Amino acid sequence: MESDSEYDYDELDRRLVHALQIDGRAPFSTIAEVLGVSDRTVARRYARLRSAGAVRVLGGVDSTALGAVLWFLRVRCAPAASLPVAEALARRPDTSWVSLHSGGTEITCVVRTESEADSEALLLAKLPRTPRVEGVTAHSVLHAFYGGPDNMAGKFGPLDAEAVERLRPPPVAHRRGPVRLDNGDRKLLALLAIDGRAGFEQLAAATGWSPTTVRRRMTELREHGLLYLDIDVDLRMFGMNARTLLWLSVAPAHLEATGQALAAHPEIAFAAATTGPTNLYASVVCANQRELYRYLTTRIAALPAITHLETAPVIKTVKQAATQT
């Protein structure tokens, strides 16, 4: 999340955000007890952070659980065309993480196709048709090493192990088999995408279900791996200001180990194995360009299987919201 607020973050803000990363729907009374403040203080502080655009709890949807395919697209444009094309991509309901980089001549975005069969149509028919688009490279996401329910706030959060354990919710059971969505499910997911802390009564009113049914269905969707809780947070709260995209080539025999190693780096916000000219993608967040250089020359340099590295600093994020069903 990028906030234009002049809000002056403090240690309580960071502790609260870390608590929400552990359990986005934890009652304020539980968070207050762990943080050692009053319920009213937690509620007031969360409302202030949310209104400032600094943090938002949301219900994320892993559409691959429904058979969808995620693609990273790199769209090369004439400089004057990049922002209009990026804005056109951002208006589409099947896109997320639309960013400008490479001096403003390239756009990167995540696009969801409903199935393998739709992937061809993505490249042939759905992209903005303009001669100012000079080329497109598509990378299908094969496996995510870090992202989705994982969030960098958990890496930088100040809570100690005891506090984390007190806040950690019970593990979600894994339920196999297909999951089908009806109109009630779609209404439920749409509302959670806006406010992951929406109360069961509010969700019941939107879906036409009882609060008990809402609670049960949320549990089922989480067990199927479709629904997860996430936080959209201004990482400047933790001193992180610069986001950079990495496109890496790794020897196939070492792809899994390298991806797992990347996922453990504090600087990594997302990492995935992909198809395309390179086979590993990562989003890195650092305090500044100096820290990015340190990261590349220490942590990245220590991964011997990497044979090629391309960096692309993000100069503008046009859309960040998670893709929805």
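**A pocket, a helix pair and a threonine**

The second largest pocket holds about 400 Å³ of space, where a pocket is an open set of points on a 1 Å grid over the protein atoms alone that a 1.4 Å probe fits, with protein on both sides within 12 Å along at least five of seven lines, and lining residues have an atom within 4 Å of a point. Of its 17 lining residues, select Arg25, Pro169, Val172, Thr219 and Arg222, the closest to the pocket's centre. This is a predicted model, in which local features need pLDDT of at least 70 and side-chain atom pairs pLDDT 80 or more, while totals for chains, interfaces and linings use all residues. Residues are numbered from 1 along each chain as its sequence is written, and side-chain values use heavy atoms, without hydrogens and water.

Next, colour helix H10 (211-223) and strand E6 (227-233), each of which supplies at least two residues of this lining; H10 gives the largest share, five residues.

To see the contact (heavy atoms within 4.5 Å), show Asp185, Leu188, Leu189 and Leu192 of H8 with Val214, Arg217, Met218 and Leu221 of H10.

Finally, go to threonine 30 in helix H2 (residues 28-35), which counts as partly exposed because its relative accessibility is 29%, between the limits of under 20% for buried and over 50% for exposed (1.4 Å probe, protein chains only). Its C-alpha atom is separated by 8.9 Å from that of arginine 166, 136 residues apart along the chain.

Methods: Helix = DSSP H or I, 4+ residues; strand = E, 2+ residues; numbered from the N terminus. Points joined across faces, edges and corners; volume = space filled by probe spheres on them.
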